[in-house]
Amino acid sequence: TDESKCNKNVDVGEKIKIIGFPYTGSFSLPTITEGIISSFEYRDKVPYYITSAKIEHGNSGGIAVTNDYSCMIGLPTSVVVGSSESLGRILILTEGELKKLFDLI
């Protein structure tokens, strides 16, 4: 991947995908959901993307990627259920930060 391209934030309106392993009865294959970056948010000085991509119990902690799968953009963390729509939160980490994190695991 182009490291400089992948170490910048994605824009509001950009399509993204969430890859993870929610409880679906199948424990061997990941699921992929898609949506857009709806907004940005800071919670306790920590940056998050707000997304319309479906985040279920289990694929939080998976990986969020650009629509073409070329860049990792963060870690899906939680869902806020509203009166008309559910929006997920993605902890914003650059691809370089994510690689460092995965190397520690």
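This is a short talk on one protein model, from its overall layout down to a few residues.

The model is predicted, and local features need pLDDT of at least 70, side-chain atom pairs count only at pLDDT 80 or more, while totals for chains, interfaces and linings use all residues. Residues are numbered from 1 along each chain as its sequence is written, and side-chain values use heavy atoms, with hydrogens and water left out.

Layout to begin with. The protein has 2 helices and 6 strands. Read from the N terminus, the order is α-β-β-β-β-β-β-α. Helices here are DSSP runs of H or I with at least four residues, strands are runs of E with at least two, and both are numbered from the N terminus.

Next, burial. Of the 105 residues, 34% are buried. Buried means under 20% relative accessible area, exposed means over 50%, and partly exposed is in between, with a 1.4 Å probe and protein chains only.

Now contacts, meaning heavy atoms within 4.5 Å. Among contacts with a separation of 6 or more, 52% are between residues 24 or more positions apart.

Gly 13 sits in the loop between α1 (3-6) and β1 (15-20). Setting aside neighbours within four places in sequence, Gly 13 is in contact with Ile 36 and Ile 37. Its C-alpha atom is 9.3 Å from that of Thr 51, which is 38 residues away along the chain. Gly 13 counts as partly exposed because its relative accessible area is 43%.

On to side chains. How many aromatic pairs does the structure hold? It holds 1. The partners are Phe 40 and Tyr 49, tilted, at 5.3 Å centre to centre with 50 degrees between the planes. For the term: rings of Phe, Tyr and Trp (its six-membered ring) pair if their centres lie within 6.5 Å; planes under 30 degrees apart count as stacked, over 60 as edge-to-face, and the rest as tilted. Is Tyr 49 buried or exposed? Tyr 49 has 1% relative accessibility, so it counts as buried. Phe 40, at 37%, is partly exposed.

Last, Arg 89, which lies in strand β6 (residues 86-92). Arg 89 has a relative accessible area of 9%, so it is buried. Its side chain makes a polar contact of 2.4 Å with the side chain of Glu 41. A polar contact is a pair of N or O atoms within 3.5 Å; within protein, one must be able to donate a hydrogen and the other to accept it, and residues adjacent in sequence count only if both atoms are side-chain atoms.
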